Amino acid sequence: MTRLDPPAWPARLTRQAPFERYVVRVEDMDFHVMEQGAGRTVFLLHGNPTWSFLYRKIAFALQGAPLRLVMPDLPGLGFSTKWRDARRHTLAEHGRLMAGLLRALEIRDAVFVLQDWGGAIGALAASRVPGAMAGLVVLNTVLAPPREGFRPTTFHKFAKMPIVSDVVFRLFGFPQAYLGRVQGDPKSIDAEAAWAYRYPLRSIRENVAALALSRMVPDSLTHPTIEPLREVETFVRGFAGPSAIVWGERDPVLGRALKRVTGVLPDAPVTMTKAGHFLQEEVPEVIARTIAEVIGRLPSA
């Protein structure tokens with residue numbers, strides 16, 4: 001694998017996220033990756049509309065441990081390639097390209113830490129790369145399709161509204177400019193962090209993914225996301241490695257999805273917290289501890 005130079009960024013981001021950075025090309029996608037340490041691999045994948053910056057506090061909490069933390073940015077977010085064509089944002093396409101990144105980085109026997117869209121995308125990718133995932137830590141996400149009679153959240157119904165949602169998402173920086181509103185403690189995302197989340201999507205030309213990923217959420221059982229979510233469910237149900245769940249119960253976006261997650265991981269211990277959607281900002285020490293516990297349950301640990 002050839003590591004390419006990362007894109008330039010402001011010095012204030014270097015101060016907040018002082019990690020090794022590089023780019024890996026997979027087909028026409030340049031994945032921006034942050035990395036820390038050496039040892040057992042921990043693969044940490046964010047969701048919408050954040051980027052790998054979301055895991056910085058967990059990386060700080062695990063500093064000095066014999067771990068290689070690999071933190072990529074999803075396509076369209078952070079400093080990875082930003083597609084101008086929103087139609088490319090499908091769960092199947094994200095999973096396929098992320099599987100390519102796993103192969104390029106030679107990810108083996110790793111603990112996967114997955115949140116928001118990173119859950120389904122990371123699990124779908126792992127299902128295509130046998131041996132990549134040895135342990136699993138699940139944060140607020142979904143790992144299975146919705147059942148008959150489900151109702152989309154207000155947020156996701158709004159994202160499906162033509163024109164109005166395009167204006168609000170593309171022109172007014174929604175939702176990345178308002179992340180504190182889905183937190184247990186709105187002040188958990190301070191001014192510096194809020195700026196860091198807005199910065200990669202500051203250009204309207206590059207601010208496509210936030211809305212496209214919101215529209216990837218199924219609003220019916222015929223939605224194109226349903227079939228790959230079934231693949232995710234099958235893979236996770238069959239996963240035999242150690243797993244654990246850390247949940248933010250004050251999450252207005254996915255807080256109610258816990259039963260769907262425990263349904264596919266019935267033996268995984270659950271740690272409930274008062275955090276909101278981006279629980280990496282509120283309870284990083286709890287997540288870091290859970291990662292260490294899952295590693296401790298691995299046969300080769």
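Student: What covers the buried residues of H4?
Tutor: In this predicted model, the cover includes strand E3 (40-45), H3, strand E5 (110-116), strand E6 (133-141), helix H8 (209-215) and helix H9 (226-237).

Student: How many residues of H4 are buried, and which?
Tutor: Ten of the twelve are buried, so H4 counts as mostly covered, with buried meaning under 20% relative accessible area. They are Trp117, Gly118, Gly119, Ala120, Ile121, Gly122, Ala123, Leu124, Ala125 and Ala126.

Student: At what angle do H3 and H4 pack?
Tutor: Helix H3 (residues 91-104) and helix H4 (residues 117-128) pack at about 60°, and their axes are 8 Å apart. That angle makes H3 oblique to H4.

Student: Is the crossing left-handed or right-handed?
Tutor: H3 passes H4 in a right-handed crossing.

Student: Which residues make the contact?
Tutor: H3 contributes Leu91, Ala92, His94, Gly95, Met98, Ala99, Leu102 and Arg103. From H4 come Trp117, Ala120, Ile121, Leu124, Ala125, Ala126 and Arg128. By class, the contact holds eleven nonpolar, two polar and two charged residues.

Student: Turning to H3 itself, which of its residues are buried?
Tutor: Leu91, Glu93, His94, Gly95, Leu97, Met98, Ala99, Gly100, Leu101 and Leu102 are buried. With ten of its 14 residues buried, H3 is mostly covered.

Student: What span should H3 have at 1.5 Å a residue?
Tutor: Its 14 residues should span 20 Å, and the end C-alpha atoms are 20 Å apart, which agrees. H4 reaches 17 Å from its first C-alpha to its last, close to the expected 16 Å.

Student: Which residue with a positive phi follows H3?
Tutor: Glu106 does, with phi near 55°.

Definitions and conventions: Residues numbered from 1 in each chain as written. Predicted model: local features only at pLDDT ≥ 70, side-chain atom pairs only at ≥ 80, totals over all residues. Heavy atoms only, no water. Axes fitted to C-alpha atoms, helices over the stretch in contact; angles between N-to-C directions. Helix = DSSP H or I, 4+ residues; strand = E, 2+ residues; numbered from the N terminus. Parallel < 35°, antiparallel > 145°, perpendicular 65-115°, else oblique. Left-handed = near helix turned anticlockwise from the far one by under 90°. Contact = heavy atoms within 4.5 Å. Nonpolar A, V, L, I, M, F, W, Y, C, P; charged D, E, K, R; others polar. Expected span 1.5 Å × (residues − 1). Buried < 20%, exposed > 50% of the residue type's maximum accessible area, 1.4 Å probe, protein only.
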